[in-house]
Amino acid sequence: MKPVISKPRHAIMVMILVLTLFSLSNAAAQDKNQVVRIAKLQIDPAQLENYKTALKEHAETAVRVEPGVITLYAVAEKNNPTHITVFEIYANAEAYQAHLQTAHFKKYKSTTKDMVKSLELVDVEPIALETKMKQ
């Protein structure tokens, strides 16, 4: 039996497809201007849970409210959970500089300053940035 897609659902699917294609073509045009970096952090083990809470709040807010923040992915090493890596993509240098001036970034930095034992920022050159859209 062939599935039936209602007209409203079909229209939504078409709209999502068009937005996805626009987004991909727009992102491809901006790739050369993007700021891509990795932040490598070591966190005080006694403050790890508080740090993760602050980082989650900061990343969610930045992606939600800042159009120039493309991606903020944060992960912890399984065998050494105090070692955190954050993968960041900004639309351009201006978006990155604007991000540093936001209230939520300043709150994150002041809240976590005594939790972070070390921080290394590494600017990187993208080779392949592929992802699937969240559903």
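Which helix lies across β1, β2 and β3? Helix α3 (residues 93–100) does, and the helix runs at about 130 degrees to β3; here contact means heavy atoms within 4.5 Å, and axes are lines fitted to C-alpha atoms, for helices over the stretch in contact, with angles from 0 to 180 degrees between N-to-C directions. Helices (H or I, at least four residues) and strands (E, at least two) are DSSP runs numbered from the N terminus. This is a predicted model, in which local features need pLDDT of at least 70 and side-chain atom pairs count only at pLDDT 80 or more, while totals for chains, interfaces and linings use all residues. Residues are numbered from 1 along each chain as its sequence is written, and side-chain values use heavy atoms, leaving out hydrogens and water.

**The sheet**

- Four strands in the order β2-β3-β1-β4 form an open sheet with antiparallel pairing, where two strands pair if DSSP finds at least two bridges between them.
- The edge strands of this sheet are β2 and β4 (116–123), each of which pairs on one side only.
- On average, and with direction ignored, neighbouring strands of this sheet are turned by 15 degrees against each other.

**β3 and β2**

- Strand β2 (residues 69–77) runs antiparallel to β3, and eight bridges join the two.
- The hairpin that joins β2 to β3 passes through two residues.
- E77 has N80 in β3 as its bridge partner, and V75 is partnered in the same way by T85 in β3.

**β3 and β1**

- Strand β1 (residues 35–43) pairs with strand β3 (residues 80–90) in the antiparallel sense, over eight bridges.
- Opposite I38 stands F87, a residue of β3.
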